[in-house]
Amino acid sequence: MTDLFELTQSAIAGIDADIELVDVERAALGLLVVTIDKPEGIKIEDCEQVSRLLSRVYEVEEIDYKRLEVGSPGVDRPLKTLQDLNRFVGQQIQIKLYNAIDNQKVFSGVYEADAIVEDPNEAAFRLTYTVNNKNKTSQTIQFAFSDLEKAKLDPVLDFKGKNK
């Protein structure tokens with residue numbers, strides 16, 4: 001059987017070159033969740049178009065699922081590839097490492113633009129995070145892409161509005 005991610009990606013590429021496949025995930029009770037994105041953001045029409053197409057493609061390819069859900073990645077978009085990281089340089093992200101640094105695996109901070117290359121096969125990156133919220137002390141960690149268990153955007157949302 002063809003890899004589900006590759007099958008979905010090639011099907012979507014035929015509709016609109018701007019639509020990026022972020023993830024394909026199987027969930028409980030036969031739910032198949034397809035996450036898509038565009039540089040200018042996803043509209044409901046994009047989700048409808050992709051859903052109609054994938055319903056036909058999955059039927060022809062005999063992909064087993066009960067319900068298909070197509071949506072945008074949201075404000076906490078997962079960063080799964082090196083290209084994703086490069087796209088969101090300078091943004092607030094959260095990373096989870098496979099191995100702890102100073103007894104900590106999860107860090108949230110600003111992903112810095114300058115990558116440090118020590119080994120040409122494995123670029124290293126930096127994340128500056130706040131150690132102590134009270135004193136606003138910041139620290140920087142260095143990590144390799146292969147060290148990441150998970151990474152996602154970690155936006156600061158302000159629900160107070162203009163009059164704080």
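I looked up the largest pocket, and its volume is about 260 Å³. I keep in mind that this model is predicted.

Next I asked what lines the largest pocket. I found 13 lining residues. L79, E149, K150, A151 and K152 lie nearest the pocket's centre. Then I checked which elements give two or more residues to this lining, and they are β4 (92-101) and β9 (148-153). β9 gives the most, with 5 residues. I also sorted the lining by class: 7 residues are nonpolar, 1 is polar and 5 are charged.

I moved on to a sheet. Strands of a sheet pair through backbone hydrogen bonds, either parallel or antiparallel. Here I found 3 strands in an open sheet, in the order β1-β2-β3. The pairing is mixed. Which strands are at the edges? They are β1 (20-26) and β3 (67-71), and each pairs on one side only. I noted the twist too: it averages 15° from one strand to the next.

I took a closer look at β1 and β2. I picked out E25 and looked for its bridge partner in β2, which is V33.

Last, I looked for helices lying across these strands. Helix α1 (residues 4-13) lies across β1 and β2. α1 runs at about 140° to β1. Helix α2 (residues 44-60) lies across β2 and β3. I noted its angle to β3 as about 145°.

How values were computed:
Residues are numbered from 1 along each chain as its sequence is written. This is a predicted model: local features need pLDDT of at least 70, side-chain atom pairs count only at pLDDT 80 or more; totals for chains, interfaces and linings use all residues. Side-chain values use heavy atoms; hydrogens and water are left out. On a 1 Å grid over the protein atoms alone, a cavity is a set of points where a 1.4 Å probe fits but cannot get out, and a pocket is an open set with protein on both sides within 12 Å along at least five of seven lines; lining residues have an atom within 4 Å of a point. Grid points are joined across faces, edges and corners, and a volume is the space filled by probe spheres set on the points. Helices (H or I, at least four residues) and strands (E, at least two) are DSSP runs, numbered from the N terminus. Ala, Val, Leu, Ile, Met, Phe, Trp, Tyr, Cys and Pro count as nonpolar, Asp, Glu, Lys and Arg as charged, and the others, Gly among them, as polar. Two strands pair if DSSP finds at least two bridges between them. Axes are lines fitted to C-alpha atoms, for helices over the stretch in contact, and angles run from 0 to 180 degrees between N-to-C directions. Contact means heavy atoms within 4.5 Å.
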